[in-house]
Amino acid sequence: MDDLAQLRELSESALVKQLSSRFSKDVIYTYIGDILVACNPYRELGLYTQAMQDKYKGRVPRTAVAPHVYFVANYAYERMMQTKTDQSFVISGESGAGKTETTKHIITHVMEVCKAGKTILETNILRLNPLLEAFGNAQTVMNDNSSRFGKYINLNFDRTGSVLGAELTTYLLEKSRVTHLQDNESNFHIFYYVLEGMSEENRSQRHLKPVSQHAYVRNTSKSAHNKKRNMEQHFNQLLDMMFNFGFDATEIDALFDVISAILHIGDIAFTPAPNDGASVSSSSSPSLQHAAELTGLDEQQLQSILTTAVTTTRGEHIVRLHDPTAAADARDSIAKSLYSRCFAWLISSLNDTLACDASVSHLKACSMGVLDIFGFEQFEENSLEQLCINITNEHLQRFFNQHIFEMEVEAYKQEGIDGSEFSYPDNQDIIFLCAGKGGILSLLNEKSRFPQGSDNAFVNKCGEQLKQHRSNAFTPARSSRDLKFTVNHFAGQVTYSCEGFLEKNKDKLADSVVPTLLQSRSEFLVALYTAQRDMASGFKVQSKRRQSKQSANLATLSSFFLKSLDELMSALNRTMPHFVRCIKPNTDKKPHAFNSKAVSKQLKYAGVLETVRIRQAGYAVRMSFEEFCKHYRIIFCKAHEQPNTDAETAQRILTLAGLKNYRIGTSKVFLKYNHIDELQLAMRKHAEALRFVRKVCKGFIARVRYRAILAAKRETLDAVAALLTACEVHRDAIGEFRKKRRVLDVLLEETMDDDERQGVLDRIAAMDTAIDTELEKLNDVLKTNDELRMEIKKLKTQFDRQEHEAAHGMGTYDEDDVEDLYAVERSVEDTIPRKLDPEIKKRLSVHALKQADAPKEYTDTMRKGFFGTLFGRRKKHKSHKKKKSS
Ligand SMILES: Nc1ncnc2c1ncn2[C@@H]1O[C@H](COP(=O)(O)OP(=O)(O)OP(=O)(O)O)[C@@H](O)[C@H]1O
């Protein structure tokens, strides 16, 4: 089934079973109503060829082609063109599930159906991904090429469907990766491209060393390191791409200077200084020097922002000395800030290149957005990043629920059913709990604003204010010292560890850092911090035009996040959405493996099971009158009646089954989930009675047939036994004749002259040989058929027993019994003809068989026949002589 929403019973296990069975046949795409589920095959299946693109172009009916991401892309484009409404694709799934691949396929196909690919703009749209991947992707345990940011790509079209431009918005760049690597993970790809792909000359100009000698990349996973063979190729491709996008050589050089500077900054270590502060260790002073050179700062300036923090209160500057730990934190914050600014600059520059040309922007008629965003996350340790991701998913889930619900109500309307009392599982209260006024993020912002605010104070405040929240979704920490709380999200409970929440939320560099960086000799660095000075973290980047309008007081990470989330939801709400849920069939990144438990969990996280819940809250089961009446006819039908398939019959069946609260539409029956059980119960009662009657009938028929079969087989066996007996008799008759040969010899001597006698003797000799052969053959036949005799005996005994059983009632027969019976029949049929030696069949005539009971006459006849043959020529002449002598 291509659309699992058509399953009569939509349940979690049914979904997983169907997906698994399709996956085993390399069918990775499945619809569940409006959603496209895409299972990552982890191998090339030849699904994205030009021929496939051609197949999914134009007005293709959904049922005429197999489910495919190209269908969804084409369908959205067609709808956009017909209705001139904005469309969006919401692609979600856990890391490695295939979101980015799906995004690429959608964009490629949309560009194909809008006949693009020729202008620079269109080519650039198609080339966007490798650039984003270089700076925003990294190898993780889950995915070798994991996007460490979310993105929304919006394509703008004119009335004729040609692309006018594109905008890119990014979310939640995982900048902590720059400074801290988890086991078996790697940093952003760009660091390795620069360290291993850049020319020797450029590397030494930037004083770069091998990967193993730079702290921020030193712990790179071994497997990642082994895969880094094509770094040079990657780096050169990246350069080409950047040039094609219109970046100039100076900008590119400056960008790589900052990337290299980040690596050197990471190598700076600190030791305690005599003044209780920290100083750069002597072994890392070359790193400080290189970092300063590459950032265009004086060593002193850089050292100062690493080892001191200046805060400004009421116009007064207060300088605080960092201890070595605080200095290391400051170093990491600066590195993260530099990287996120580079990423933001890159996105902003790409947006400038992709933006609608001013001369054609008035032609913009509609748009199509593709959202590729992290799925719901639930790890052992969950921090502020997970909270933000999960809040995003709560919003997307609500958006999804509303959409599915609307479709559901629409389905009722089409059937003339009032759906006004129907409601759906709404997670609005959980959204309020997390992101509403007085909710978790709001309290976090409040505490972040106080200089004395702490994680502890934040967690306690949450406990006080939210434990009675109307969502009932908040569970405070057991003890006030436990920096944790749990939120019951739509996809499951997540416990957040709040240590460091405030620091992350402030996401702030010390007051002196940005002013110092702005004194840099590098114009590029200065540009990074002037154009976007209001941006808290490069957390989200928009085009320069939109940035200028941004409020300047987005002080915290969460307030910035909420604002960008708000914008995203407003954008999505203006569109007609198409949902793609990417599923990772196993955690080992292996083809052919399907782990049902893991898939079930993802379906839950992806909110697919919410579709089931929405359906269950309404009328989960819907069946056409025909389907319903045919399926449940047993409840209503008298044995001889074929039911009508109309509303009236459906109504009678439902009444007879004692159901309430169902709805009958114009062509379908709408049932609640529990109704199926009730109908099954009613069916079972009828079915049991029917089964009994059927058993008795079948038993009767089978017994009659069986006895007939036995009788026929017995006859055959008797005949075969008789044949064998005849064979023996034949042999005995020949023996008997031999004994009488002596009489013949005397006869010959008395009645014939020498010549005549010699002639007869010759013939007798020939006949003797023939008789020997005959005897030999008969002996053989009897010997080889001894086995058959045994078989016959056995079968006969068996038949006796079976006949007795059949005659003395075995009560009823099940299907299996009848099947056994037919098996016996077949085996008997097979046995006899195969085992009966064909030689016997040929040689023993019916005549011989008849003689079987009269051996004496048979012997005589044989003898007469023999003499007749022997003396045939002289029969007339000598007959009276012969008679006399005998
Ligand atoms: N349709 C597909 N056909 C073949 N391979 C695929 C397909 N989709 C995904 N893959 C494989 O799975 C890998 C991971 O996919 P992708 O990077 O798109 O996942 P993702 O969901 O975007 O992960 P992340 O959130 O970590 O970025 C790809 O590199 C590719 O090898």
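Helix α4 (residues 99-113) and strand β5 (residues 146-147) each contribute at least two residues to the shell around the ligand. Here helices (H or I, at least four residues) and strands (E, at least two) are DSSP runs, numbered from the N terminus. The model is predicted: local features need pLDDT of at least 70, side-chain atom pairs count only at pLDDT 80 or more, and totals for chains, interfaces and linings use all residues. Residue numbers start from 1 along each chain as its sequence is written.

**The shell around the ligand**

- Of the 19 residues around the ligand, Ser95, Gly98, Thr100, Ser146 and Ser147 come nearest; a residue is near a molecule if its C-beta atom, placed from the backbone, lies within 6 Å of it.
- The largest share of this shell, three residues, is supplied by α4.
- By class, the shell has 10 polar, five nonpolar and four charged residues.
- In this classification Ala, Val, Leu, Ile, Met, Phe, Trp, Tyr, Cys and Pro are nonpolar, Asp, Glu, Lys and Arg are charged, and the others, Gly among them, are polar.

**The seven-stranded sheet**

- Strands of a sheet pair through backbone hydrogen bonds, either parallel or antiparallel.
- An open sheet of seven strands has the order β1-β2-β16-β3-β12-β6-β7, with mixed pairing; two strands pair if DSSP finds at least two bridges between them.
- β1 (29-32) and β7 (163-171) stand at the edges with a single partner strand each, so one side of each is left without a neighbour in the sheet.
- From one strand to the next, the twist averages 20 degrees; axes are lines fitted to C-alpha atoms, and angles run from 0 to 180 degrees between N-to-C directions.
- Strands β6 (residues 150-157) and β12 (residues 366-372) run antiparallel and are joined by seven bridges.
- Leu155 stands opposite Met368 in β12.

**The three-stranded sheet**

- Three strands form an open, antiparallel sheet in the order β17-β19-β18.
- β17 (621-624) and β18 (663-664) are the edge strands, each with a single partner, so one side of each is left without a neighbour in the sheet.
- Four bridges pair β17 with β19 (residues 668-671) in the antiparallel sense.
- Arg622 stands opposite Phe670 in β19.

**Met231 in helix α10**

- Met231 is found in helix α10 (residues 231-244).
- Leaving aside neighbours within four places in sequence, Met231 is in contact with Tyr192, Tyr193, Glu196 and Gly197; contact requires C-beta atoms, placed from the backbone, within 7 Å.
- Met231 and Val194 are 37 residues apart in sequence and 8.3 Å apart in space, C-alpha to C-alpha.

Terms used. Contact = placed C-beta atoms within 7 Å.
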